[in-house]
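This report describes selected features of one protein model, beginning with a pair of strands and moving on to sheets, cores and aromatic rings. Please keep the sequence and the structure in view while reading.

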Amino acid sequence: MKSIIHKANTRGFADHGWLKSYHTFSFASYHNAERNNFGMLRVLNDDIVAPKMGFGKHPHQNMEIISIPITGALSHKDSMGNKRAIEVGEIQVMSAGTGLTHSEFNDSNTDSVNFLQLWIIPETTGVKPYYNQRNFDTSKQKNSLQTVVAPIDKLEGKALPINQQAYIYRVDLEVKQSIDLTVKSANNGFYIFVVSGEVVVDNKRLDSRDAIGIYDTANVSIAANKASNLIIIEVPMQ
């Protein structure tokens, strides 16, 4: 088993006034040669958007983009004609493929939006762009893995499809509860991000917004010292 820890206070940070963004991996003006990716996971940004502010129209190409609201709601509009708000409990998937443009705004007059944006390198480039979002019953992630994103050719339940052999899971662990993970493929690794709480993974304690990448092993165990909310990304390492 091999592992790498990314503590919350070691992430890159950019304060644009209307946007405060924490970068787990190299992004925009933040560059860390030792943090370019974890396997096919290229970006994990923890963004806080001020009321009535947001990202204007901008392009993407050949990237699997997943947005996960933590607090608040984010309005989305894209060149495919989609115009919807993403709320807590929902997951948004956008396969940029051959190219698209989109914008994201916080429509609230009073409350900030906090959301995670993940970029996963696609398995195949030049695919037709795709968009979807779905609400997931959070009661089903209590002490149990809920699959919210899966490969388009290996969908599980209501999971949203992406163009990569990668999975995203959510779980809420009660205090003193644990969960065991098993990789879908020997080539895969787990990137475990603690949204809130405190857990132990591979005998290492992780607090809120800490993360650990685990690979070269088939199984991983997670134990909760406190009630914890986790996002787990399983990705090919090569």
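## A parallel pair and its sheet

Strands β13 (146-151) and β14 (160-162) run parallel and are joined by three bridges, where strands, like helices, are DSSP runs numbered from the N terminus (strands: E, at least two residues; helices: H or I, at least four), and two strands count as paired if DSSP finds at least two bridges between them. Within this pairing, Ala-150 has Pro-161 in β14 as its bridge partner. The model is a predicted one, in which local features need pLDDT of at least 70 and side-chain atom pairs count only at pLDDT 80 or more, while totals for chains, interfaces and linings use all residues. Residues are numbered from 1 along each chain as its sequence is written, and side-chain values use heavy atoms, with hydrogens and water left out.

Both strands belong to an open sheet of seven strands with mixed pairing, in the order β1-β20-β17-β22-β15-β13-β14. Its edge strands, each pairing on one side only, are β1 (2-6) and β14. On average, and with direction ignored, neighbouring strands of this sheet are turned by 20 degrees against each other; the axes behind such angles are lines fitted to C-alpha atoms, for helices over the stretch in contact, and angles run from 0 to 180 degrees between N-to-C directions.

## Antiparallel strands and hairpins

Strand β3 (19-23) has antiparallel partners in β2 and β4. With strand β2 (residues 12-15) it pairs over four bridges, and Gly-12 stands opposite His-23; the hairpin of β2 and β3 has three residues between the strands, and Gly-17 there takes a positive phi near 85 degrees. With β4, strand β3 is joined by five bridges, and Leu-19 stands opposite Val-49. In a regular strand, side chains alternate between the two faces of the sheet. In β3, the covered face carries Leu-19, Ser-21 and His-23, whereas the uncovered face carries Lys-20 and Tyr-22.

Another hairpin is formed by β18 and β19, with two residues between them, and Asp-202 in its turn has a positive phi of about 55 degrees. Four bridges join these antiparallel strands, β18 covering residues 198-201 and β19 residues 204-207, and Glu-198 stands opposite Asp-207.

## Nonpolar cores

A nonpolar core is a set of buried Ala, Val, Leu, Ile, Met, Phe, Trp, Tyr and Cys residues joined through side-chain atoms within 4.5 Å; buried means under 20% relative accessible area, exposed over 50% and partly exposed in between (1.4 Å probe, protein chains only). The largest such core has 27 residues, and Leu-41, Ile-66 and Leu-116 are among those with the most contacts inside it. Strands that each supply at least two residues of this core include β4, β13, β14, β17 and β22.

With contact defined as heavy atoms within 4.5 Å, and residues up to four places away in sequence not counted, Leu-41 touches Phe-25, Leu-118, Trp-119, Ile-120, Tyr-191, Ile-233 and Val-235. A second, separate core of 22 residues includes Ala-150, Leu-173, Phe-190 and Val-201.

## Aromatic pairs

The structure holds eight aromatic pairs. Rings of Phe, Tyr and Trp (its six-membered ring) pair if their centres lie within 6.5 Å, and planes under 30 degrees apart count as stacked, over 60 as edge-to-face and the rest as tilted. The pair of Phe-25 and Tyr-191 is tilted because its ring centres are 5.6 Å apart and its planes stand at 50 degrees. Since Phe-25 lies in the loop between β3 and β4 and Tyr-191 in strand β17 (residues 188-196), this pair ties together parts that are 166 residues apart in sequence. Phe-25, at 1% relative accessibility, counts as buried, and so does Tyr-191 at 0%.

Phe-38 and Tyr-215 form an edge-to-face pair, with 6.0 Å from centre to centre and 70 degrees between the planes. This pair also links distant parts of the chain, 177 residues apart, with Phe-38 in the loop between β3 and β4 and Tyr-215 in strand β20 (residues 211-215). Phe-38 counts as buried at 4% relative accessibility, whereas Tyr-215 counts as partly exposed at 24%. Ring pairs link Phe-25, Phe-38, Tyr-191 and Tyr-215 into a cluster.
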